[in-house]
Amino acid sequence: MDISGARRTGGAASAEGDDGTGGGQPGNAGRTPFDDLYEQPDPRAYFRVLGAWGYRTPHHAQKVFRRLAAERTARLGAPAGVLDICCSYGINAALLNHDLTWDDLYAHYTSPRAEALTTAELVDWDRAFYQAHRRRDALPVTGLDVSEPALTYAVAVGLLDEAFAENLETAAPSLELRRAARDIRLITVTGGVSFLSPRTFEPLLSAAEPAPWVAAFVLRTGSYRPLMSCLLAHGLVTEKDTDRTFRQRRFTDAAEQRYAVEAVTSTGEDPRGKETEGYFHTALYVSRPREEAA
């Protein structure tokens, strides 16, 4: 498969996928690891396994990201380049740029036809599938993730224009990534914030001109404050959607639920009616220059 645009730098121990889970990460020891899903050559296992636990974050993000991308494009008078951090198989790009829903993707990748194909055959099928559903207002999307197999697939089927297999928590960005970041006008994240610090955002924000907007769905088990401070240093004011939260997925067992309830409580939030009901929940944060914030 052609992986033009996918670049890899010194390695990461595990994928930081958009389900917001992962093993061996500080502060996340209570969560079930799904790291192996991101080392597969295609997303069939991703949809099969996470779908069984009711994972829905990209579904919640679809309308939000489309609205922000459209508003950013209108303000700029030109297509807004998007950077999806912890992009895995390009799921957010698929939902942003195609007339497809999360349920459409789930049905596609768990269908008997998909299960019967080799990865090479699936890539050919998916390339035609996404071309047939491409939106006229599709925007260029760059992907950043530590999983090279996931990025290889996303580039091969046309979901990502560029992809970078780099871990900015452990190494400085490549010159190529810094160059790509100059044209980014919207940064999106759906869960990977749990594993990210200002080390990832600082060089990207420094490279971009003007500063990009940032939209992140953040698990309630952790704090977004360190990243809010980093964004503010670059002139971005963060607003939180205080009217609602968004279900991420069901807990895999009682121990994971206990971890989530305790972690949410320790942040000062109330888990009643949310994590106590059996689901991880995320909150939406949007960061923009003060004069552009609504």
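Start by selecting Gly222, in the loop between β6 and α10. Helices (H or I, at least four residues) and strands (E, at least two) are DSSP runs, numbered from the N terminus. This is a predicted model, where local features need pLDDT of at least 70, side-chain atom pairs count only at pLDDT 80 or more, and totals for chains, interfaces and linings use all residues. Residues are numbered from 1 along each chain as its sequence is written, and side-chain values use heavy atoms, with hydrogens and water left out.

Stay on Gly222. Is Gly222 buried or partly exposed? Its relative accessibility is 37%, so Gly222 counts as partly exposed. Buried means under 20% relative accessible area, exposed over 50%, and partly exposed in between (1.4 Å probe, protein chains only).

**Helix α10**

Next, select residues 225-233, which form α10. Color Leu227, Cys230 and Leu231: these are buried. Look down the axis of α10: the buried residues fall within an arc of 95 degrees, so they line one face of the helix. The arc is that of the directions from the helix axis to the C-beta atoms.

What do the buried residues of α10 pack against? Show α9 (198-207), β6 (213-219), β7 (236-240) and β9 (279-289). Contact here means heavy atoms within 4.5 Å. Then click on Gly235, which follows α10 and has a positive phi, near 85 degrees.

**Helix α4**

Move to residues 102-109, helix α4. Its buried residues are Trp102, Leu105, His108 and Tyr109. They cover an arc of only 125 degrees around the axis, which puts them on the same side of α4. Now show what covers them. Among the elements are α1 (44-52), α2 (57-76), α5 (112-116), α6 (119-132) and α7 (148-156). Helix α3 belongs to this cover too.

**A cavity**

How many cavities of 30 Å³ or more does the structure hold? There are three. On a 1 Å grid over the protein atoms alone, a cavity is a set of points where a 1.4 Å probe fits but cannot get out; lining residues have an atom within 4 Å of a point. Grid points are joined across faces, edges and corners, and a volume is the space filled by probe spheres set on the points.

Go to the second largest cavity, with a volume of about 50 Å³. Select its lining: Phe65, Val82, Asp84, Asn92, Ala93, Leu96, Val141, Leu186 and Thr188. β2 (81-85), α3 (91-97) and β5 (184-190) each supply at least two of the lining residues. Helix α3 gives the most, with three. By class, the lining has six nonpolar, two polar and one charged residues. Ala, Val, Leu, Ile, Met, Phe, Trp, Tyr, Cys and Pro count as nonpolar, Asp, Glu, Lys and Arg as charged, and the others, Gly among them, as polar.

**Last stop: Ser174**

Select Ser174, in the loop between β4 (162-165) and α8 (175-181). Ser174 has a relative accessible area of 14%, so this residue is buried. Show Glu166: a polar contact of 2.5 Å joins the two side chains. A polar contact is a pair of N or O atoms within 3.5 Å; within protein, one must be able to donate a hydrogen and the other to accept it, and residues adjacent in sequence count only if both atoms are side-chain atoms. Finally, find the backbone nitrogen of Leu177, 3.1 Å from a polar atom of the Ser174 side chain.

Definitions and conventions. 1 Å grid on protein atoms, 1.4 Å probe; cavity = no way out; pocket = protein on both sides within 12 Å on 5 of 7 lines; lining within 4 Å.
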